Amino acid sequence: DLRWELLTSLVAGGRAGEAEIAAQLAADPTATGERAAAAARAAIPTAAAKAAAWAAVVESDGLANAIQATTIAGFGRVHDRTLLVPFVEPYFAALEQVWTGRTNEMAQNIVLGLYPTTLAGTEVDVLAATDAWLDQLGDRHPALRRLVVESRDGVRRALAAQDRDRR
């Protein structure tokens, strides 16, 4: 596990890539290795790798729950948060379809794991994007609404704490 954690950190920092992931997976061809490789691949700091991870998680429903969860975790491991900016609008656009078309666990993994929390305080107004989506959602899907409202509140609290720290 430590080897995978170190490798994924190197990958996220741009110091290792697919060759190293493949070599480590060959050395650890277990279910744990498969999950760790999925996370490491999703952590590759390129637009193409992020798009591939997004497609595997959101646009396809072929991943096992454990692989989906680790891919989501790897997707969010970035040093350059601008890699995640292109996924804000698609995130909100996909929520209802994901919620109605996936199992409860897989839908919750996507809703919570891909919420653009890490973009709070950047050029992306996460709160405004969330509020606009909540307005258009209306009263449909109360459980989905609750998850997004809770994620929004986490961002609101983080931004308030950052503002307080700056004073």
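Colleague: At what angle do helix α1 and helix α2 pack?
Modeller: They pack at about 170°, and the axes of α1 (residues 2-12) and α2 (residues 18-27) are 10 Å apart. Helices are DSSP runs of H or I with at least four residues, numbered from the N terminus; axes are lines fitted to C-alpha atoms over the stretch in contact, with angles from 0 to 180 degrees between N-to-C directions. This is a predicted model, where local features need pLDDT of at least 70 and side-chain atom pairs count only at pLDDT 80 or more, while totals for chains, interfaces and linings use all residues. Residues are numbered from 1 along each chain as its sequence is written, and side-chain values use heavy atoms, without hydrogens or water.

Colleague: OK, so are α1 and α2 roughly parallel or antiparallel?
Modeller: With that angle, α1 and α2 come out roughly antiparallel (over 145 degrees; under 35 is roughly parallel).

Colleague: Which residues make the contact?
Modeller: From α1 you have Arg3, Trp4, Leu7 and Val11, and from α2 there are Glu20, Ile21, Gln24 and Leu25. Contact means heavy atoms within 4.5 Å. Sorted by class, that contact of α1 with α2 has 5 nonpolar, 1 polar and 2 charged residues (nonpolar is Ala, Val, Leu, Ile, Met, Phe, Trp, Tyr, Cys and Pro; charged is Asp, Glu, Lys and Arg; the others, Gly among them, are polar).

Colleague: Moving along: how far apart are the axes of α6 and α7?
Modeller: Their axes are 10 Å apart, and the angle is about 170°. That makes α6 and α7 roughly antiparallel to each other.

Colleague: And which residues in α6 meet α7?
Modeller: Tyr91, Leu95, Val98 and Trp99 do, and they meet Asn104, Ala107, Gln108, Ile110 and Val111 in α7. The contact of α6 with α7 splits into 7 nonpolar and 2 polar residues, with no charged ones.

Colleague: What about α5 and α7, roughly parallel or antiparallel?
Modeller: Roughly parallel to each other. Their angle is about 0°, with axes 10 Å apart. On the α5 side are Asn65, Gln68, Ala69 and Ile72, meeting Glu105, Met106, Asn109, Ile110 and Gly113 of α7. That contact of α5 with α7 has 4 nonpolar, 4 polar and 1 charged residues.

Colleague: Let's zoom in on Gln68. What is it in contact with?
Modeller: Leaving aside neighbours within four places in sequence, Gln68 contacts Val57, Leu63, Arg102, Met106, Asn109 and Ile110. Gln68 sits in helix α5 and is buried, at 0% relative accessible area. Buried means under 20%, exposed means over 50%, and partly exposed is in between, using a 1.4 Å probe and protein chains only.

Colleague: Is Thr71 buried or exposed?
Modeller: Thr71 is buried, with a relative accessible area of 7%. Thr71 is found in helix α5 too. Not counting residues up to four places away in sequence, Thr71 touches Ala38, Ala42, Ala53, Val57 and Leu63.

Colleague: New topic! How many cavities of 30 Å³ or more does the search find?
Modeller: The search of the whole structure finds 1. The largest cavity has a volume of about 30 Å³. On a 1 Å grid over the protein atoms alone, a cavity is where a 1.4 Å probe fits but cannot get out, and a pocket is an open set with protein on both sides within 12 Å along at least five of seven lines; lining residues have an atom within 4 Å of a point. Points join across faces, edges and corners, and a volume is the space filled by probe spheres set on them.

Colleague: Which residues line the largest cavity?
Modeller: Trp54, Val58, Tyr91, Ala94, Leu95, Val98, Ile110 and Leu114. The elements giving two or more of those residues are α4 (47-59) and α6 (88-101), and α6 gives the most, with 4. By class, the cavity lining is 8 nonpolar, no polar and no charged.

Colleague: How much space lies in the largest pocket?
Modeller: About 160 Å³. Of its 16 lining residues, the closest to the centre are Leu84, Leu114, Tyr115, Pro116 and Thr118. α5 (65-75), α6 and α7 (104-113) each supply at least two lining residues. The pocket lining has 12 nonpolar, 4 polar and no charged residues.

Colleague: Last one: where is His141, and what is its phi?
Modeller: His141 is in the loop between α8 (126-137) and α9, and its phi is near 50°, a positive value in a residue other than glycine. Most residues other than glycine have a negative phi. At 23% relative accessibility, His141 is partly exposed.

Notes: Parallel < 35°, antiparallel > 145°, perpendicular 65-115°, else oblique.
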